[in-house]
Structure formats: C-alpha cells, structure tokens
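Biologist: I am new to this structure. Could we go through it together, beginning with the aromatic rings?

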Amino acid sequence: MLGADARRCGEPAVEAAMSALDTLDQKDLSSCKGMLKPPPKLDEVFAATMCLLAGIMPSVVTKKSGGQIKVKDCSWDAAKKQLMGNIREYMAYLKEIDAQLVRLQPAAVLGAKGRAEEAEV
C-alpha cells in the first residue's frame, strides 16, 4: 500500500486527471476505437485505466494472482474490446472513480511485455 506521503503527493495528479475527464467526449474515444495501432503511449493510458477499473468495471477481464486482482490482458486489442465496447459505460466508470479509492489501490504499472504488474511503492 502507498504511504501517506506518497498519497498526498499523488493527490494533485489525481485531481488533474479527474478534471481532464470533463474535456473528453464520446467522439474522442470513438476515434480511438477505430485505430489499428495507437499513437505512442496511448495504449499505455488505456492499459492504466484497465488496471484502475479491474474488479470494478465488469467488462475488464481479470485474473487473481497471489490474492490480488490483475488485468488478464492489457493489449490494445483488449482495451478496445473491453473498454471501448461501450464507450458511454467506460466514461461513466472513469468519472465515478473516487480519488480516495485511487489512493487506496496498490500502484499498478505496465510491464515491459504489456502486462499489469504490482509496483512496490
């Protein structure tokens, strides 16, 4: 789990991310869904949201490993299918994430092979 200092340091980033969600609309995400290959780093953004929504959004396929819930597949194709299959639902889940819940989750990072791994913080 994150320490209190690390949580406090992350709060501005969480607040900025939550504010940025208000600038997105369904058309923005629909254009992503049609991409065969995303621009650099965009796939990592979607993989990170899959990690945040694992165990919360039913369409995100998870597996249990060592008592923790992890995303089974963080690939671009999985993100398009699992997150953007219902863009309205995806946006609703993103906007419903409470900053407190995010602070309580272990930090998830994208591994070099495109899989979610737990980070020691």
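**Aromatic pairs and the core**

Modeller: Two aromatic pairs turn up in a search of the whole structure; rings of Phe, Tyr and Trp (its six-membered ring) pair if their centres lie within 6.5 Å, with planes under 30 degrees apart counted as stacked, over 60 as edge-to-face and the rest as tilted.

Biologist: Which helices do F46 and W76 lie in?

Modeller: F46 belongs to helix 3 (residues 42-53) and W76 to helix 4 (residues 76-82), so the pair ties together parts that are 30 residues apart in sequence. Helices (H or I, at least four residues) and strands (E, at least two) are DSSP runs, numbered from the N terminus.

Biologist: What sort of model is this, and how are the residues numbered?

Modeller: It is a predicted model, in which local features need pLDDT of at least 70 and side-chain atom pairs count only at pLDDT 80 or more, while totals for chains, interfaces and linings use all residues. Residues are numbered from 1 along each chain as its sequence is written, and side-chain values use heavy atoms, with hydrogens and water left out.

Biologist: Which residues have the most contacts inside the largest nonpolar core?

Modeller: They are F46, L53, L83 and Y90, in a core of 24 residues. A nonpolar core is a set of buried Ala, Val, Leu, Ile, Met, Phe, Trp, Tyr and Cys residues joined through side-chain atoms within 4.5 Å. Helix 2 (26-33), helix 3, helix 4 and helix 5 (87-96) each supply at least two residues of this core. Helix 3 gives the largest share, six residues.

Biologist: Which residues of helix 3 are buried?

Modeller: They are L42, F46, A47, T49, M50, C51 and L53. L53 counts as buried at 0% relative accessibility. Leaving out residues up to four places away in sequence, L53 touches V60, L83, Y90, Y93, L94 and I97; contact means heavy atoms within 4.5 Å. The C-alpha atoms of L53 and I97 are separated by 8.4 Å, although the two residues are 44 residues apart along the chain.

Biologist: What comes just after helix 3?

Modeller: G55 follows there, with a positive phi of about 80°.

Biologist: Changing topic, how do strand 1 and strand 2 pair?

Modeller: Strand 1 (residues 62-65) and strand 2 (residues 68-71) pair in the antiparallel sense over four bridges; two strands pair if DSSP finds at least two bridges between them. S65 has Q68 of strand 2 as its bridge partner. The two strands form a hairpin with two residues between them, and G66 in the turn has a positive phi of about 60°.

Biologist: And how many helices and strands does the chain have?

Modeller: The chain has six helices and four strands, which run α-α-α-β-β-α-α-α-β-β from the N terminus on. Of its 121 residues, 27% count as buried.

Methods
Buried < 20%, exposed > 50% of the residue type's maximum accessible area, 1.4 Å probe, protein only.
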